[in-house]
Protein chains: 2
Amino acid sequence: MSKQDVSISRSGGCCTPISVAALDEATASEGAAVFKALSDPIRLRLMSIIASAGAEVCVCDITPHFTVSGPTISHHLRVLREAGLVDCERRGTWVYYWPLPDRQQWISTLLSVPEPASA
Amino acid sequence: MSKQDVSISRSGGCCTPISVAALDEATASEGAAVFKALSDPIRLRLMSIIASAGAEVCVCDITPHFTVSGPTISHHLRVLREAGLVDCERRGTWVYYWPLPDRQQWISTLLSVPEPASA
DNA sequence: GTCTTGTTTCGACATATGTCTATCTTGACT
DNA sequence: AGTCAAGATAGACATATGTCGAAACAAGAC
């Protein structure tokens, strides 16, 4: 697979990148909502911690990485959840979070820049 | 005009997706700033119009697509400019905007999901 | 020069957002 | 039952943001 094929294959699946066609209002609103969820440094770090974990992450393992209060972390996790980027489940005393890659992949594809055809 | 007051720490080697490694605070702040620029429906549509044009776009051709006032469009374009996503130039009476694909590609890669979304 | 058009900047406003403390819910363990 | 700990929720607060109208600015037409 060539490097050019990567961006093309990523764009081929679920949606048309903005570099190819302008967004209609509804799609723009939906996409903007996802971007808004990632528009805070703490939330973006939270997302990266959950996405990179390769497994469920306990909130108790997340909180120590930050200086803000527990409720603030909880609030940010809820925003990520409501954006469809993560989901969670309580098991016993602890709550575990995991990523929902579909949404993440969607906006990634939306932003992908097709390789300029050099020919 | 073309002022770009955002320092871009990367560029050459691009970056590691969040699905692979968690972000440090500095990169998270930088990334969140770009996402914030795209977190408004009007700005996301503006970005898509400029990115998909394949050429410079005159502001006079952009404004009619929206119902908000001219100053509001100008404000949103400035946010995109300060995020390093677009640049512009005045030529005669009109101002033309074009995309800066580096920033766009950067956050696209940041969000890319290496593994298949649903295995 | 003055006028007209296109675009940005300014100043103000209502609403949204991030953060905190205090309180509540859930479940584990005596 | 009672108690404790992990998280979530509620309410309050200061700040940030999106929007507008008015004014300023830039460049061409007259």
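**Why the two chains count as a two-fold pair**

Modeller: In this predicted model, the side chains of E25(A) and R45(B) form a salt bridge, at 3.9 Å from N to O.

Biologist: Why is the contact of E25(A) and R45(B) called a salt bridge?

Modeller: The cut-off is 4 Å between a side-chain nitrogen of Lys or Arg and a carboxyl oxygen of Asp or Glu. The pair E25(A) and R45(B) has 3.9 Å, N to O. It therefore qualifies. Between chain B and chain A the count is 2 salt bridges. Residue pairs in polar contact number 15.

Biologist: Which helix of chain B gives the most to the side that touches chain A?

Modeller: α2(B), with 8 residues. By class, that side of chain B has 20 nonpolar, 10 polar and 5 charged residues.

Biologist: How do you know that the copies meet through the same surface?

Modeller: Contact means heavy atoms within 4.5 Å. By that test, 35 residues of chain B touch 35 residues of chain A. Of the interface residues of chain B, 94% are also interface residues in chain A, so the surface is the same.

Biologist: What makes the relation between the copies two-fold?

Modeller: Chain B superposes on chain A by a rotation of 180°, with 0.0 Å of shift along the axis and an RMSD of 0.1 Å. The copies are thus related as by a two-fold rotation axis. In chain B, S108(B) comes closest to that axis, its C-alpha at 2.2 Å.

Biologist: Why is helix α6 of chain A called largely enclosed?

Modeller: Buried means under 20% relative accessible area. In α6(A), 8 of the 11 residues are buried, so the rest of the structure largely encloses this helix. Among them are W106(A), I107(A) and L110(A).

Definitions and conventions. Residues are numbered from 1 along each chain as its sequence is written. Chains are lettered from A and ligands numbered from 1 in the order in which they are written. This is a predicted model: local features need pLDDT of at least 70, side-chain atom pairs count only at pLDDT 80 or more; totals for chains, interfaces and linings use all residues. Side-chain values use heavy atoms; hydrogens and water are left out. Buried means under 20% relative accessible area, exposed over 50%, partly exposed in between (1.4 Å probe, protein chains only). Helices (H or I, at least four residues) and strands (E, at least two) are DSSP runs, numbered from the N terminus. Copies are superposed by least squares on the C-alpha atoms of residues with pLDDT of at least 70 in both. A polar contact is a pair of N or O atoms within 3.5 Å; within protein, one must be able to donate a hydrogen and the other to accept it, and residues adjacent in sequence count only if both atoms are side-chain atoms. Ala, Val, Leu, Ile, Met, Phe, Trp, Tyr, Cys and Pro count as nonpolar, Asp, Glu, Lys and Arg as charged, and the others, Gly among them, as polar.
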